[in-house]
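Hi,

Here's the structure I said I'd pass along.

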Amino acid sequence: MPNVHEIIKRNKHERLLTPEQQWQSLQTAFLTLRDVPYGIYQPTDRPLTLDGHLNNFLAQGTGTCTPKHLLLGLMCEKFGINVEYLSYYFYWQNLKINYPEELRAPLSKMPAQLHTSIAISLLNDTDSKNYEIDCTWDRLLQNIGFPINFLNESPSGCALGVIPHSAPIIHRTAEDKWLFLQRTKSMMPLNPYTSLFYIGLNEWMLATRSQPTFCDQQDNSNSPIADRLSLIAIAQFENS
């Protein structure tokens, strides 16, 4: 399975893509990463590096908004797209989701959390517009109320995956974003309800995806995420 360095290397073009080709490559990467099942895993050997975090994400085949958008941003940079990495504080309580009864007690005690998304601009786009991109929630979660995003055929932004509690904190590189996240989490007080909520959230999402009516909507591709991502820009380049 390709690691994150191999994926980024394979997606680097020797010549500048047109804005149309940049957007098409972004669309394909967006859809692949969006439908990686959202999940909050907490390995005991939590990686201390950005590369380690992204490689864990590829190996696990599940992850949060953070690895999805960090990897999407790094791929966009190789497509020749300008990227800014964004951090928002938000409250799970403010999402318009009908949580199951067993989640409501820990949910009521949840402190503010951090959400990650990206903003992009196409390098050759004469309008030089910025578009915010958010691929947080996988498609199978739409039936329990999570807002699923799509990208239009022409460049445009999409809705933020959460209801923000603050203006975005802007990071110029993925590494800056990663270091900010590590510093911020190290200063957050321990909250026993946080773990209880995330364990329950993972179980609820897994149960949702296992229901037959939802399984029918799944992508039946057996290819690992890393393999699919590594081929995106290669296919785009060959078709240009």
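In α3, Leu 50, His 53, Leu 54, Phe 57 and Leu 58 meet Thr 66, Pro 67, Lys 68, Leu 70, Leu 71 and Leu 74 of α4. Sorted by class, that contact has 8 nonpolar, 2 polar and 1 charged residues. Keep in mind that this is a predicted model. The axes of α3 (residues 50-60) and α4 (residues 65-78) come within 10 Å and cross at roughly 110 degrees, so the two helices are roughly perpendicular to each other.

Next, the sheet. It's an open one, with 4 strands in the order β3-β2-β1-β4 and antiparallel pairing. β3 (131-133) and β4 sit at the edges with a single partner strand each, so one side of each has no neighbour in the sheet. From one strand to the next, the twist averages 35 degrees. α4 turns up again here: it packs on the sheet, touching β1, β2 (113-122) and β3, and its direction makes about 165 degrees with that of β1. Helix α6 (residues 174-187) lies across β1, β2 and β4, and runs at about 15 degrees to β1.

Now for the β1/β4 side. β1 (residues 81-90) and β4 pair in the antiparallel sense over 3 bridges, and Ser 87 has Ile 169 in β4 as its bridge partner. The side chain of Ser 87 also makes a polar contact with the side chain of His 171 (2.7 Å). His 171 lies in β4 (residues 169-171) and counts as buried because its relative accessibility is 6%. Among the residues His 171 touches are Glu 84, Tyr 85, Asp 176 and Phe 180.

Cheers

Key: Residues are numbered from 1 along each chain as its sequence is written. This is a predicted model: local features need pLDDT of at least 70, side-chain atom pairs count only at pLDDT 80 or more; totals for chains, interfaces and linings use all residues. Side-chain values use heavy atoms; hydrogens and water are left out. Axes are lines fitted to C-alpha atoms, for helices over the stretch in contact, and angles run from 0 to 180 degrees between N-to-C directions. Angles under 35 degrees count as roughly parallel, over 145 as roughly antiparallel, 65 to 115 as roughly perpendicular and the rest as oblique. Contact means heavy atoms within 4.5 Å. Ala, Val, Leu, Ile, Met, Phe, Trp, Tyr, Cys and Pro count as nonpolar, Asp, Glu, Lys and Arg as charged, and the others, Gly among them, as polar. Buried means under 20% relative accessible area, exposed over 50%, partly exposed in between (1.4 Å probe, protein chains only). A polar contact is a pair of N or O atoms within 3.5 Å; within protein, one must be able to donate a hydrogen and the other to accept it, and residues adjacent in sequence count only if both atoms are side-chain atoms. Two strands pair if DSSP finds at least two bridges between them. Lists of a residue's contacts leave out its neighbours within four places in sequence.
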